[in-house]
Amino acid sequence: MVTESTRTPLLSFVVPVYGVEAYLYQCLESILGGLTVDESDAIELVAVDDASPDRCGEMLQSYAAGRPNVRVVRLTRNVGLGLARNAGLEQARGRYVWFVDSDDWLPPGAVTTVLARLRRDEPDVLLLDHLRVHENGRLEVDASSHLLRGVPDPVTLDERPELLRVQHTAWNKVVRRDFLDELDLRFHPGWYEDIPFSHPLLIGAERISVLDQVCYRYRQGRLGAITSTRSGRHFDAFAQYERLFEWVDKRHPDPELRATLFTLMISHYLVVVGNDDRLHPHLRRAFFRRVAEHYRRFLPPEGYPQPDGVPGLKHRLVGRDSYLAYVALRRAHRMAGRLRGQRAAPAPAEADPAAGREAAEQSTALAGQG
């Protein structure tokens, strides 16, 4: 069932909703609260109840009552984040669309700023900065946020290739709806659904606008969030990267682009395989083996730009399928980190400052045997 509307807004917010009753109202209000009449007329909010098992459906129904710019899509069965976004997209009528996750929220002034930039630049894609917000309230700048600095006017990816390394999520991009149709892009089922969606947006765009302002608050550590859930579903990432490379080979078969994406893919896999919150230890070896298989399968013939330092060493271990050496390096790196933390306080007598370097050297030796 869809709540009907005949308006044609500039910007549609698509908000998939599942199991977030504690956060839902904050999300909705961060989008619609405090807007002027003209700003309210320029947007719509399409909320998708993905057969949520809690009170989210009732909350959406209540919130939409009396708000003509709120539309509710109700799914009869749970389909997951990507397909729920597709369902909302099919009902969205705005010239632009912004996918906002229902456990996150927007800071004050974000909607006003985004509307102004869309009108000024008329981009295919508008990139936004964000902050990670931890459960204890700690704010964290994303490691890729510095890439958004110093881009005052619309660009292409050829002009700013580093933009491909910005966090590959859907929610930090506002996208022209017709552009999505031109690229024939929709979300696929499974976890890590942003991978074959987000990268093609930047690759295919003729006008990328960059908003160097925090316009999104990304909640960290929520119970039930993908990045905080140990599950075999993290293996979905492999199918998503296969879809990405299939799209690139068909639409933009550029060797340099493929090499960059290969670097990003392996680095992303290494984040997943090394994260205790995502993979149970008994799944780590199998995941690593799949990473090594993708390394061999997608390795560019002319090579690729490897990271420096420990990340680059991990890449080389993947290339050699050296799981035991990887485990030794991972342990040594963590031990060195603990020792650095101990040196910040009065160190116990047995805390040898050289132990971290020695462990790293041992791991480097192991890497040479992998």
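**View 1. Buried residues of helix H8.** Ala237, Phe238, Gln240, Tyr241, Leu244, Phe245, Trp247 and Val248 are the buried residues of H8 (buried: under 20% relative accessible area; exposed: over 50%; partly exposed in between; 1.4 Å probe, protein chains only). They pack against helices H6 (177–183), H7 (195–204), H9 (255–273) and H10 (281–298) (contact: heavy atoms within 4.5 Å). Helices (H or I, at least four residues) and strands (E, at least two) are DSSP runs, numbered from the N terminus.

The model is predicted: local features need pLDDT of at least 70, side-chain atom pairs count only at pLDDT 80 or more, and totals for chains, interfaces and linings use all residues. Residues are numbered from 1 along each chain as its sequence is written, and side-chain values use heavy atoms, leaving out hydrogens and water.

**View 2. The buried side of helix H3.** In H3 (residues 56–64), Cys56, Gly57, Met59, Leu60, Tyr63 and Ala64 are buried. They sit on the same side of H3 because they cover an arc of only 160° around the axis (arc: directions from the helix axis to the C-beta atoms). Their cover includes strand E1 (11–17), helix H1 (24–32), strand E2 (43–49) and strand E3 (70–74).

**View 3. The other face of H3, and what follows.** Glu58, Gln61 and Ser62 are exposed on the face turned away from the buried side of H3. Just after H3, Gly66 takes a positive phi of about 80°.
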